[in-house]
Amino acid sequence: MIEVPRAFAEERIRLSGGQGREWIAGLPALVAELCDRWRLEPTAEPAMHGELGVVFPVRRAGEALVLKVGWQEHSTVDEAAALRAWNGVGAVRLLDADDDAGALLLERLDSARSLRDLPLLDAAEIAGGLIRELAIPAPDGIRPLREAAAYVAETVHQRNELLGRPVPQPWADLAAGLARDLGGDTGSLLVHADLHYGNVLAGHRRPWLAVDPKAVSGDPEHSVPELMWTRLDEAPGPAGVHALLDTIVGAAELDAAKARSWVLVRAIDYWLWGLDAGLTEDPLRCHRLVEALTAP
C-alpha cells in the first residue's frame, strides 16, 4: 500500500486546487508504476515530504533506497543533471531518473541526522568543505547565476518601496550595486543554491552528503548565505557572525569579498521575499546579518 502523507496532500490541494487534487489522487499509481519499472519494493516505513515532493523508502535487491517524486510543476531536470555530474562526490548518489514524472531514485541517507545536529562552527566547516567539493564545471543547460543577480539588481528598490521601505535605503542601494557587479562575471561552476544545514544528511559510504540541490551555474560563493542565516541565532554578536563567515570561507577556499557580497545580496533579497510571504523571524535574522557585515 503506497500512502501519500496526509499533511503533504492537504497542503498541495490547498495551494493548487483541482490540479493538486488530481496529482495527489494519481500519485500512488505513479509510484507503483515506477516501482515496477525500476524493480523496487516499497517498505512499510512512512514516506517523508518537503514542500514540493514526497520521498518513499524502497528497496531493490535488498539495498535501501528512496524514490523521490516532485509536484508536476516543479522540474527535477536540473536536480537530476547536477546529481549526475557530481556522481556521488559530495552529494547523494542518483541511480535513475524520469524527468517527465519528476521522479528520482536515490541512495538512502540517514534522514534523522543532519548538520543541524552538530555545533554551529563544526557544521559550518563540513558544509564549507562540501561547497568546495561540489564546485565542478556545470553541465550544459543549468540556469546561469547572472539571471538571479540581474533580478535583484532590477527589482530590489521597487520591492522595497511596495513593502514600505523595511530595508534602509543605503542597504537597498548596496544590494543593487553588488548584484550588478556580481552578475557581470559569475563563473561557470556547478552550485548547490539551497545548501543549508538541513540539506546535508549523514551517509553510509561517506559521513555527510548534500541533498535536494537547486542547481545553478556560477560562483560557489553563492552557496554561503543559507549557511549564514539558517542558524544565525547561534552566532553571538557581530563577532560570531564574522567567525561563522570566516569558517565557511576558509573551509571552502572561497573569495572572501565575493562571499560577503553574495551574503549581502541574498540576505536583502530574502528579507524582502520573507516579508512579502508573511515570515516574521527570517527577515529579522537577515537584518541582523546585514547589520553585522556592513558595520565598520
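Phe8 and Trp23 are both buried in this predicted model. Their rings form an edge-to-face pair, with centres 6.1 Å apart and planes at 65 degrees. Trp71 joins them, as ring pairs link Phe8, Trp23 and Trp71 into a cluster. The structure holds 5 aromatic pairs.

Rings also meet charges here. In two places the charged end of an arginine sits over a ring.

| Charged residue | Ring | Distance from ring centre |
|---|---|---|
| Arg37 | Trp38 | 5.6 Å |
| Arg231 | Tyr197 | 5.2 Å |

Take Ile248. Leaving aside neighbours within four places in sequence, Ile248 is in contact with Ala124, Gly128, Ile131, Tyr197, Val224, Leu227 and Met228.

Helix H2 spans residues 77-86. Its buried residues are Glu79, Ala80, Ala81, Ala82, Leu83 and Trp86. What covers these buried residues includes helix H3 (120-134). Strands take part too: E4 (63-70), E5 (94-98), E6 (103-107), E8 (189-192) and E11 (215-218) are included in the cover. Just after H2 comes Asn87, with a positive phi of about 50 degrees.

Technical notes: Residues are numbered from 1 along each chain as its sequence is written. This is a predicted model: local features need pLDDT of at least 70, side-chain atom pairs count only at pLDDT 80 or more; totals for chains, interfaces and linings use all residues. Side-chain values use heavy atoms; hydrogens and water are left out. Buried means under 20% relative accessible area, exposed over 50%, partly exposed in between (1.4 Å probe, protein chains only). Helices (H or I, at least four residues) and strands (E, at least two) are DSSP runs, numbered from the N terminus. Contact means heavy atoms within 4.5 Å. Rings of Phe, Tyr and Trp (its six-membered ring) pair if their centres lie within 6.5 Å; planes under 30 degrees apart count as stacked, over 60 as edge-to-face and the rest as tilted. A charge sits over a ring if NZ of Lys or CZ of Arg is within 6 Å of the ring centre and within 35 degrees of the ring normal.
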